[in-house]
Amino acid sequence: MMVTTLTRLAGETNAYLRELREGRYTAAYAHLCAARRNETSLAAFEAEQRRRLATEGAIVKFDVYDSNVHGNGRATTEYT
């Protein structure tokens with residue numbers, strides 16, 4: 001159980017990035033926290049992702065291996 005607790009955030013981030021990479025923006029949007037979904041509509045999120053794809057290119061490879069949520073509500077993520 002401890003390993004699941006420690007790796008869940010990294011796993012969720014990997015799932016989110018997989019959805020973005022595959023162009024499944026509705027599924028990626030569902031991975032966002034409630035606060036982020038409340039401030040950004042699905043339509044705005046999809047438009048932003050399409051803009052980023054056109055200007056920054058596609059996500060090709062990633063591996064999020066560690067995520068930590070700090071007491072102040074901020075998080076850090078380590079990835080390659």
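Are Tyr 16 and Phe 45 buried or exposed? Tyr 16 is buried, and Phe 45 is buried too. The legends below describe close-up views of a predicted model.

**View 1. An aromatic pair formed by Tyr 16 and Phe 45.** Two aromatic pairs turn up in a search of the whole structure. In the pair of Tyr 16 and Phe 45, the ring centres are 6.5 Å apart and the planes meet at 50°, so the pair is tilted. Tyr 16 belongs to helix 1 (residues 2-21) and Phe 45 to helix 4 (residues 42-56), so this pair ties together parts 29 residues apart in sequence.

View 2. Helix 4 contains 15 residues. From first C-alpha to last, helix 4 reaches 20 Å, close to the 21 Å expected at 1.5 Å a residue. Its buried residues are Phe 45, Glu 46 and Gln 49. Just after helix 4 comes Gly 57, with a positive phi of about 90°.

**View 3. The largest nonpolar core.** Eleven residues make up this core. Among them are Ala 10, Tyr 16, Leu 17 and Leu 20, along with Phe 45, Phe 62 and Val 64. Helix 1 and helix 2 (25-30) are the elements that give two or more residues to the core. Helix 1 supplies the largest share, four residues. Nonpolar side chains tend to be buried together in soluble globular proteins. Leaving aside neighbours within four places in sequence, Leu 17 contacts Ile 59, Phe 62 and Val 64.

**View 4. Tyr 25 and its contacts.** Tyr 25 sits in helix 2. Its relative accessibility is 8%, below the 20% cut-off, so Tyr 25 counts as buried. Not counting residues up to four places away in sequence, Tyr 25 touches Leu 20, Leu 42, Phe 45, Glu 46, Gln 49, Arg 50 and Leu 53. Three of these contacts, Phe 45, Glu 46 and Gln 49, are the buried residues of helix 4. The C-alpha atoms of Tyr 25 and Phe 45 are separated by 7.7 Å, though the two residues are 20 residues apart along the chain. Tyr 25 and Phe 45 are both members of the largest nonpolar core.

How values were computed: Residues numbered from 1 in each chain as written. Predicted model: local features only at pLDDT ≥ 70, side-chain atom pairs only at ≥ 80, totals over all residues. Heavy atoms only, no water. Phe/Tyr/Trp six-rings, centres within 6.5 Å; stacked < 30°, edge-to-face > 60°. Buried < 20%, exposed > 50% of the residue type's maximum accessible area, 1.4 Å probe, protein only. Expected span 1.5 Å × (residues − 1). Core = buried A, V, L, I, M, F, W, Y, C linked by side-chain atoms within 4.5 Å. Contact = heavy atoms within 4.5 Å.
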